[in-house]
Amino acid sequence: MAEALKVLDRVSSKSGLQFEYSHELVGGAAIDAKGKALPEDTLRACEGSDAILFGSVGGPKWEKLPPNEQPERGALLPLRKHFGLFANLRPAVCHPALTHASPVRADIVEGGFDVLCVRELTGGLYFGQPKFRKEIDGEMTAVDTMIYKESEIERIAHVAFKAAQLRGKNLTSIDKANVLENGLLWRATVEKVAKGYPDVKLSHLYVDNAAMQLIKNPKGFDVVLAENLFGDILSDEMAMIAGSLGMLASASLGKQRDDGSYFGLFEPSGGTAPDIAGKGIANPIAQILSVALMLRFSFGLEEEAAGIEAAVKKAIDSGSRTGDIFTGASGTRRVTTAEMGAGIVEAL
Ligand code: IPM
Ligand code: MN
């Protein structure tokens, strides 16, 4: 986050635009300081803002708390729900200079790829009721409920089709229609919405097959649309194929405002990396690219957003690599979080 804010400040000094921001605690840090993952004043500050730039929450230290008090279920999910952030955009971009960081075969990712995951974020198994763990007939039993209303599928499908129209006009919708009632409704609803977008080529894949096809031929995909849990899983897979989870930004958006912008929460797609916390070696790019998405979607600043994306590309092209994307390739060097941030600020 420190590096991301330096980038935002540079955008500011370069463009003359002023960004007013405040720092609020959330997740593990908030539990430690205030005993609550999502303190009232954090929520109020978010309500009074035009966008939320979100760091990462969670870690082993808080895993023994009751589930609803943990950073994920006590802060991140309630924030998504509170602000109605149903549309999660996760651009999985494999930079051509980073294909060697991808664990998949060189010929598969050669030249890089660019897939946009559109994940439904406020429905499905994450939020469906009932949801509990209790003893039934003498043994512990867990229940999660997968539930989608047609209107919830429709609105996320519109987001995906509109995104596809602005890109390669190719949309793959993911479901499990061979097993789940939810899958049948998902597929039928997406088909219905498709009628309004005749210029977009729509295809459907079962989620298991999608997991396989994405790794077999990521370049064959443009926009991928999935419900909450499937999108969670597939977007991690895409991030890894692209080289590192540390590169993947995300935008979580609610309803569009009248001026075309969105209230949104912008965060790296990955969670925390407790194994390297505090060492100063994490890749700041996902957080920095989340600033770009914030400028694009919440502030309508396309030029500034694209400027950050170009600066990231430039820093990578210059050979800077945090540990997660460092492979020892010639012309590259391993850098710290702060060095990567400084490189991007300089490129900007
Ligand atoms: C993500 C994360 C979250 C999710 C966790 C931290 C609750 O994995 O944003 O993908 O599952 O949505
Ligand atoms: Mn996830």
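How far is an oxygen atom of ligand 1 from an N or O atom in the side chain of Tyr126? The distance is 2.5 Å. The model from which this value is computed is a predicted one.

## Surroundings of ligand 1

The shell around ligand 1 consists of Glu72, Leu76, Arg80, Arg90, Arg119, Tyr126, Asp232 and Ser269. By class, five of the shell residues are charged, two are nonpolar and one is polar. Helix H4, which spans residues 71-82, provides the largest share of this shell, with three residues.

In Arg119, a polar side-chain atom is 2.8 Å from an oxygen atom of ligand 1. For Asp232, an N or O atom of the side chain lies 2.9 Å from an oxygen atom of the ligand. Ligand 1 taken alone exposes 320 Å², of which the protein buries 80%.

## The second largest pocket

The second largest pocket holds about 1200 Å³ of space. It is lined by 41 residues, and those closest to its centre are Leu89, Leu116, Leu293, Arg296 and Phe297. The lining comprises 24 nonpolar, nine charged and eight polar residues.

Several elements supply at least two lining residues each: strands E2 (87-94), E3 (113-120) and E9 (249-256), together with helices H6 (150-165), H10 (285-297) and H11 (302-317). Helix H11 contributes the most to the lining, with six residues.

Methods: Residues are numbered from 1 along each chain as its sequence is written. Chains are lettered from A and ligands numbered from 1 in the order in which they are written. This is a predicted model: local features need pLDDT of at least 70, side-chain atom pairs count only at pLDDT 80 or more; totals for chains, interfaces and linings use all residues. Side-chain values use heavy atoms; hydrogens and water are left out. A residue is near a molecule or strand if one of its heavy atoms lies within 4 Å of it. A polar contact is a pair of N or O atoms within 3.5 Å; within protein, one must be able to donate a hydrogen and the other to accept it, and residues adjacent in sequence count only if both atoms are side-chain atoms. Accessible areas come from the Shrake-Rupley method with a 1.4 Å probe; for residues, only the protein chains shown count as cover. Helices (H or I, at least four residues) and strands (E, at least two) are DSSP runs, numbered from the N terminus. Ala, Val, Leu, Ile, Met, Phe, Trp, Tyr, Cys and Pro count as nonpolar, Asp, Glu, Lys and Arg as charged, and the others, Gly among them, as polar. On a 1 Å grid over the protein atoms alone, a cavity is a set of points where a 1.4 Å probe fits but cannot get out, and a pocket is an open set with protein on both sides within 12 Å along at least five of seven lines; lining residues have an atom within 4 Å of a point. Grid points are joined across faces, edges and corners, and a volume is the space filled by probe spheres set on the points.
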